[in-house]
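This report describes a predicted model. It treats the sheet and then the surroundings of the ligand.

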Amino acid sequence: MKEELEALLLDIEQRSFDSADAVEDFRIEYLGRQGKMKDLMAQFREVAPEHKRELGPLLNKVKSSVEEKVSTEKASFNKKSTASSSGIDSSRPAGGVPHGTHHPLKVVRREILDIFSNMGFGVVEGPEIEDDWHVFSGLNFPPEHPARDMQDTFFVERDPDLLLRTHTSSVQVREMERREPPMRIIMPGRVFRNEAISARAHCMFHQIEGLYIDENVSFADLKQTLLHFAQSFFGPETKIRLRPSYFPFTEPSAEVDVYWGLETEVDKRITKGTGWLEILGCGMVDPNVLEASGIDSKKYTGFAFGMGIERITMLRYQIGDLRLFFENDKRFLDQFAGER
Ligand code: DAH
């Protein structure tokens, strides 16, 4: 009987099948009611007790080998059949789920807000449709100032006092009217100007405004705050310079440049051969502006600054055309997939 069992084990091992039905036939051949196992059990019962000790385990092995073979062969036919009938291979590892990407303007906006939040600035927003007072008069724009001109500003037809804000400085006025100093705030938002759309100009873009009012705020505080911002955003070695400038709402006023370098031809072109690039406007809040909003200009001083998010984003990622931000071309947006 021993030889017979060993031959069967070999047979089980070597069997191969071309269909699930063939596997089932094999199962019945061994384990079915009239199957080989049944005969073997009958034979085993007749074996002399001294041989049972050796033959018992062999007999068990035949049975378990058959069971094992049947279960693995059936599983493999199952898999093949689902694959071929649906055209889907369910055993393939899953591909990644494509995630959306952050818009580059949003990435830069968040980064700038984070830097100022860390310096204790709170975030404040204001309305996009404004009145003349908050955009111009409250900021010391004289009545004949060209920025009020129809050329620059979108007015609301049914009410000559209403317009789309041309800068986020309007939010300063709202906050100064609403609150007492000290105040340290950063104000992001969308602004609108009646401009022809080109690689460098758009009728809608984004700004971030900053305002700090307290007793004894000085120009040195302004300079140090902006230096800290520039170095946090562009890198710790970044140098800045302040050039005298003019804005109706600040006195003195300045424009801030960062040193970009002159290493490449592109650097030379975008910095017009100087190595310096303008990033924002700033200054000490004009006492007229403080007084217009009910703040005592004898007691308090402050600084303000404003920057264009598009401009800073173009510098950061070397983007040459402003229009790309608003076209939502997936090939453009996908390049920012790694950004937070
Ligand atoms: N509002 C100015 C603009 O749109 C930017 C600006 C300049 C804001 C100087 C300020 C400032 O707060 O102090 O061009």
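## Strand pairing at S1

Strand S1 and strand S4 (residues 183-192) run parallel and are joined by 2 bridges. Within this pairing, Val123 stands opposite Ile186 in S4.

## The sheet as a whole

The open sheet is formed by 7 strands, whose order is S1-S4-S5-S9-S8-S7-S6, and the pairing is mixed. Strand S1 (122-123) and strand S6 (240-247) are the edge strands, each of which pairs on one side only.

## Composition of the ligand shell

Around the ligand there are 15 residues, of which His167, Ser169, Arg193, Gln207 and Glu209 come nearest. By class, the residues of this shell comprise 8 polar, 5 nonpolar and 2 charged.

## Polar contacts and burial

In the side chain of Gln172, an N or O atom is 3.3 Å from an oxygen atom of the ligand. Phe305 contributes through its backbone: an N or O atom there lies 3.3 Å from an oxygen atom of the ligand.

The ligand taken alone exposes 350 Å², and the protein buries 89% of that area. Two or more residues of the shell come from each of helix H7 (169-178), strand S5 (204-214), strand S8 (276-285) and strand S9 (301-308).

Definitions and conventions: Residues numbered from 1 in each chain as written. Predicted model: local features only at pLDDT ≥ 70, side-chain atom pairs only at ≥ 80, totals over all residues. Heavy atoms only, no water. Near = heavy atom within 4 Å. Polar contact = N/O pair within 3.5 Å; in protein donor to acceptor, adjacent residues only side chain to side chain. Areas by Shrake-Rupley, 256 points an atom, 1.4 Å probe, with all protein chains shown as cover. Helix = DSSP H or I, 4+ residues; strand = E, 2+ residues; numbered from the N terminus. Nonpolar A, V, L, I, M, F, W, Y, C, P; charged D, E, K, R; others polar. Pairing = 2+ DSSP bridges.
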